[in-house]
Amino acid sequence: MNETGYTDARRKMVESQLRARGIHDPDVLRVMEEVPRHLFVPQDLANQAYDDRPLDIGAGQTISQPYMVALMTELLAVEPHHRVLEVGTGSGYQAAILAALAREVITIERYEDLAQEAAQRLRGAGCGNVRVLVGDGSAGAPDHAPFDRIIVTAASPSVPPSLKEQLAAEGRLVCPVGARHAQKLIVVDRGDGVFEESEGVGCVFVPLLGKEGWSEDD
Ligand code: SAM
C-alpha cells in the first residue's frame, strides 16, 4: 500500500470503527486520523494496521485495536497542558496518540527490546515530547510524578495503589481491571482528598506483570 492508500485506510478506520461506534471527541478523532499507525506495527503487518483488531508486535504482546485506543484516549480527557503517564508502551502507538494531545508523555515498558523499538518509531514519527522508560510500570514512575493523567494499557487484578498516589489533584486514571482473560475499563478520578471510581465497557488486555499487577506465576 502507498501513502495515499494508508491515508485513505485511516480515514475509513475513523468513520467506520470510531465515529460509527460513538467516539465523538473531535481532538481524538483528529489525531486518530493523523497518526500513521502503520509505522507502529511490524513491517510485514503494515497492510493490516488499520484493521479492526489488535495485532502481534513480538514478545507475545499486541498493539491494541484502534477502537480501544480511541475509547481509552477519549475517557482520559487529555488537555494540552497535561503530563501523562502510560504504563505498557508496547509498539509506541498509544504514546504517539497521547503525544499529539498532551504537553509531555512518559511511557514505561517492561521489555527492553519493545521499549527501544518504540522509542525509535516515536522519534521517526517526530514525537519529541515522549520519554520511554524501561521497568515495572505497575509501580508507576515515582521520579517523574505527579501526572495529570495515567493510562494503563495492560490488565491488572486491581488498580495499582502507587498509580493512584502518583495522580495529581484533579487527575484521572484509566485502567483495565478484572480477571486474567476478561476485564472492565475502570476510570479513577482524584477529587478533593477522595478517589472516585467508575466502571466502563468490557475488554481483554494482556496482563500487567509486576509488583502491583499480576505475578508471572498467576
Ligand atoms: N499501548 C501499547 C501500544 O500502543 O502498542 C499496547 C500495549 S500492550 C496491549 C501491553 C504492554 O504492557 C506490553 O507491551 C507489555 O509488555 C507491557 N507491560 C506488561 N506489564 C508491564 C509492566 N509491569 N510495566 C510496564 N509494561 C508492562
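Strand β4 runs parallel to strand β5 (residues 130-134), and five bridges join the two; strands count as paired if DSSP finds at least two bridges between them. Helices (H or I, at least four residues) and strands (E, at least two) are DSSP runs, numbered from the N terminus. Val 105 stands opposite Val 130 in β5. From β4 the chain reaches β5 through helix α5 (residues 112-124), a right-handed β-α-β crossover; right-handed means that, with the strands pointing away from the viewer, the path from the first strand over the helix to the second runs clockwise.

The model is predicted: local features need pLDDT of at least 70, side-chain atom pairs count only at pLDDT 80 or more, and totals for chains, interfaces and linings use all residues. Residues are numbered from 1 along each chain as its sequence is written, and side-chain values use heavy atoms, with hydrogens and water left out.

β4 also pairs with strand β3 (residues 83-87), in the parallel sense and over five bridges. Glu 86 has Thr 107 of β4 as its bridge partner. The β-α-β crossover from β3 to β4 passes through helix α4 (residues 93-99) and is right-handed.

Around the ligand there are 26 residues (a heavy atom within 4 Å). Glu 86, Ser 91, Glu 109, Gly 137 and Leu 209 come nearest. The table gives polar contacts, pairs of N or O atoms within 3.5 Å.

| Protein atom | Ligand atom | Distance |
|---|---|---|
| Ser 91, polar side-chain atom | oxygen | 2.6 Å |
| Gly 135, backbone N or O | nitrogen | 3.5 Å |
| Thr 153, polar side-chain atom | nitrogen | 3.1 Å |

Taken alone, the ligand exposes 600 Å², of which the protein buries 99%; areas come from the Shrake-Rupley method with a 1.4 Å probe.

Note on methods. A polar contact is a pair of N or O atoms within 3.5 Å; within protein, one must be able to donate a hydrogen and the other to accept it, and residues adjacent in sequence count only if both atoms are side-chain atoms.
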